[in-house]
Amino acid sequence: MIVTSAVRHAAAGTAALLFVLPAPAATASPAPPLSPGSSLAEPTPPAPKFVDRARLDRRGTQVQRLPGAPSVPEVSALSWVVADASSGEVLAARNAHRKLPPASTLKALFALAALPHNDPSEQHTVADSELTGIGEGSSLVGVKEGYTYKVSDLWNGVFLSSGNDAVHVLAAMNGGWESMSRQMQEKARSLGARDTHVVSPDGYDAPGQVSSAYDLAVFGRAGLQDPAFTRYCSTPYADFPAGSWSYGIANTNRLLTGADGVDRYPGLIGIKNGYTTNAGNTLISAARRDGRTLVVSVMNPQGGGGFTVYEEARSLLDWGFEAAGRVQPVGSLLPDRTEKTTAEAGTRAVKAARDRGRVDEDVAVAAGGAPRAGSEAVAAPPEGSVDEGGPSAGLPLALVGSACAAALALWAVRRRAAHRV
């Protein structure tokens, strides 16, 4: 009994000692050297930069030039944004969140919402009802009722000819006009684009329909992450079927085709242009140069003619490539992940887990209970895996052994002393 008590006290002391001892730091194994010419090395992540998102809420031109940076060009557009498509950093902007009619640049958001739902090779025969309600004076690609089209043909009609008829058919294939408006609105919010209000998915002027240069740049950046979107928006020419024959259509983005006296822009990827009487000329453009991709949005230039939007986009792209690395960002195209957003995401995740019947055990453990039989509150590491991040088991075992040995020695000393007495 004396031995048991001593061991118990020693174990308690050992536990207290272990509690205050710092866990040994894990040592990572050095990465194997790369073979000459290998391109698998991870680039060193850039140092985080403070971005004041509120800056883009201010009126006027916003830019933070470093020494040697070029001056921002003078353009007449009511609103514009220049951003890095990879990082999402806004290099400069003017009235970024000013709400304006977007015209057919809104088709970029339409594509983001509708593209994933249909296979490009899927065929669809157009019903007469699908072509009703097209606004007067709309741009058309020539979709006819009773004709059968591949989905890829319809998307060529959307991106190249800005065909509102093609938009109406694709919208009908994805729940209808009102449903498509809601899907687009949800997509915009999920991307952090909060200036956009969708009324007519084709971008046709409608009361209350607005977007902003910031939101259009967000849509352009998101589109570049979708290979199908990028393929359609960068296609300069295509054939459009008309029953037993077909005819050629050209992309209306002059920076891409070089039509009507507008010089092609080197490295242009494309995206979407637009025009209505109410919106004026609008444009989302993206271009790649020296491994860097920029996205530029321009809304309603006030000077020059109908092609001024292309020249102003050109000057902003030129400035962006020249200023790269010599300006501090004034904003970001990435969604603002606030605590509220994180909490909402957690709520959705729990609901999804509950729907799959996997949440009961987690709730029981969180409340201090035990998981049900057969369930695992914590997944065991796979067989053969090594946890290099935890403390070594050798030290606790050695301490326990030492404590037990000390306790036994102390007991032996006391026993001999008692015998002498």
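The model is predicted, with pLDDT of at least 70 needed for local features and 80 or more for side-chain atom pairs, while totals for chains, interfaces and linings use all residues. Residues are numbered from 1 along each chain as its sequence is written, and side-chain values use heavy atoms, without hydrogens and water.

**Helix contacts**

Helices (DSSP H or I, at least four residues) and strands (E, at least two) are numbered from the N terminus. Axes are lines fitted to C-alpha atoms, for helices over the stretch in contact, and angles run from 0 to 180 degrees between N-to-C directions.

| Helix pair | Axes within | Crossing angle |
|---|---|---|
| α2 (107-114) and α3 (151-159) | 10 Å | roughly 160° |
| α2 and α5 (177-190) | 9 Å | roughly 95° |

The angle with α3 makes α2 roughly antiparallel to α3 (over 145 degrees). Lys-107, Phe-110, Ala-111 and Ala-114 of α2 are in contact (heavy atoms within 4.5 Å) with Trp-155, Val-158 and Phe-159 of α3. By class, six of these residues are nonpolar, none polar and one charged; Ala, Val, Leu, Ile, Met, Phe, Trp, Tyr, Cys and Pro count as nonpolar, Asp, Glu, Lys and Arg as charged, and the others, Gly among them, as polar.

Against α5, α2 is roughly perpendicular (65 to 115 degrees). Here Leu-109, Phe-110, Leu-112, Ala-113 and Ala-114 of α2 meet Met-180, Gln-183, Met-184, Lys-187 and Ala-188 of α5. This contact has eight nonpolar residues, one polar and one charged.

**Second largest pocket**

The second largest pocket has a volume of about 400 Å³. A pocket is an open set of points on a 1 Å grid where a 1.4 Å probe fits, with protein on both sides within 12 Å along at least five of seven lines; lining residues have an atom within 4 Å of a point. Of its 26 lining residues, Ser-104, Ser-139, Gly-274, Tyr-275 and Thr-276 are the closest to the centre. The lining has five nonpolar, 15 polar and six charged residues.

Key
Parallel < 35°, antiparallel > 145°, perpendicular 65-115°, else oblique. Points joined across faces, edges and corners; volume = space filled by probe spheres on them.
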